[in-house]
Amino acid sequence: MSEGCNGNCSGCEEECGDRTEKQSLIVDANEFSRIGKVIAVVSGKGGVGKSLVTSMLAVAMNREGFETAILDADMTGPSIPKAFGLTGRAHMDQQGIYPMKSVTGIGIMSANLLLENETDPIIWRGPVIANAVRQFWKDVVWGDVDYMFIDMPPGTGDVPLTVFQSIAVDGIIIVTSPQELVSMIVAKAVNMARTMNIPVLGIVENMSYFECDECDKRHMIFGDSHLEEVAAAHGISRIARLPIDPELARTCDRGEMERYTAKDIEKLTDMLDFDSVTERASS
Ligand SMILES: Nc1ncnc2c1ncn2[C@@H]1O[C@H](COP(=O)(O)OP(=O)(O)OP(=O)(O)O)[C@@H](O)[C@H]1O
């Protein structure tokens, strides 16, 4: 029991063994923000296309007429501003920091939009990174947002865990690539989501195959997919496969993500059908 304990746990921040109520660490968003659904996009390791999938989802939902935003929580490898051609520094005043708007109006906040120089490295320890993500949530004036996508730091370690404890996330989308140790990576991500009581909305296998212009055949460059079995083993029914597409890489490098039209994009946006997620979870 902590010094000065009056036996009333609500309002007390001590994590002592006598706590009778489980303390929620969830932080409120900025008072000038009204945020609808929050979707975190996670991956087991870097470079599998998590930022691309986050961007595609935001573009697709924005095209459908929803107010959409991206919180780039991948502090040490922030790639979202580049994909949308955004440079410069975000504006701030007494109310908070303002997200930058992409060409089509997607609100974006990323560490790169706060740095003097986008090539400056972020050399921070885990707790500082997690705190910065919390600030992106509570100090950014997001305004009205229907769908917010969070590009999470790769892995299932301390930083993603702290982010999930701080931000009220409605669902998680897992991105993998065929050469990853899919079953282990997916199991880790699913276990983390279950520990946090957050539904897994679906699994995306990126760079799943390459479709050849000459022969119209699908080539499994990184090996055969085991996505179906792995998803079924965890009771996840929504899956999507994205091809290796050199045009996608070029569009992203040019900062023109909003011009890209992904094939089968509805397989991704179908994952955001929250009513069916609730039904699936309760059935
Ligand atoms: N399906 C694809 N076809 C072609 N290029 C792709 C595809 N997916 C990703 N890439 C390319 O791979 C690189 C890594 O993608 P991305 O930044 O989205 O990965 P990430 O998982 O977010 O990595 P990190 O965690 O390091 O930020 C990018 O240059 C991107 O253009």
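User: Where do I start, and what secondary structure does the protein chain have?

Analyst: Start with the kind of model: this one is predicted. The protein chain has nine helices and twelve strands. It is 283 residues long, and 38% of them count as buried.

User: How do I read the contacts, and what share of them comes from residues 24 or more positions apart?

Analyst: Look at how far apart in sequence the partners are. Among contacts in the protein chain with a separation of 6 or more, 79% join residues 24 or more positions apart.

User: Next, the ligand. Which residues come nearest to the ligand?

Analyst: The shell holds 20 residues, and the nearest are G46, G49, K50, S51 and L52. Two helices, α1 (50-63) and α7 (246-253), each supply at least two residues of it.

User: What does UniProt list for "binding site"?

Analyst: An unreviewed UniProt entry gives G44, K45, G46, G47, V48, G49, K50 and S51 under that heading. G44 sits in the loop between β1 (33-43) and α1, while K50 belongs to helix α1.

User: Is G44 buried or exposed, and why?

Analyst: The idea is to count neighbours: 20 or more other C-beta atoms within 10 Å make a residue buried. G44 has 22 C-beta neighbours inside 10 Å, so it counts as buried. K50 counts as buried too, because it has 28.

User: What does K50 touch beyond its sequence neighbours?

Analyst: Leaving out residues up to four places away in sequence, K50 touches V41, S43, D151, P154 and V175.

User: Now helix α1. How do I check its length, and what span should its 14 residues have?

Analyst: Compare the expected span with the distance between the ends. At 1.5 Å a residue, α1 should span 20 Å, and its end C-alpha atoms are 20 Å apart, so the two agree.

User: How many residues of α1 are buried?

Analyst: First, the general idea: an α-helix has 3.6 residues a turn, so residues three or four places apart point the same way. In α1, twelve of the 14 residues are buried, which means that the helix is largely enclosed by the rest of the structure. Among the buried ones are K50, S51, L52, V53, M61 and N62.

User: And what follows α1?

Analyst: G65 does, and its phi is positive, near 100°.

Notes
Residues are numbered from 1 along each chain as its sequence is written. This is a predicted model: local features need pLDDT of at least 70, side-chain atom pairs count only at pLDDT 80 or more; totals for chains, interfaces and linings use all residues. Helices (H or I, at least four residues) and strands (E, at least two) are DSSP runs, numbered from the N terminus. Two residues are in contact if their C-beta atoms, placed from the backbone, lie within 7 Å. A residue is near a molecule or strand if its C-beta atom, placed from the backbone, lies within 6 Å of it. The expected span of a helix is 1.5 Å times one less than its number of residues. UniProt positions are given in the numbering used here, feature names are shortened, and annotations may be inferred rather than shown by experiment.
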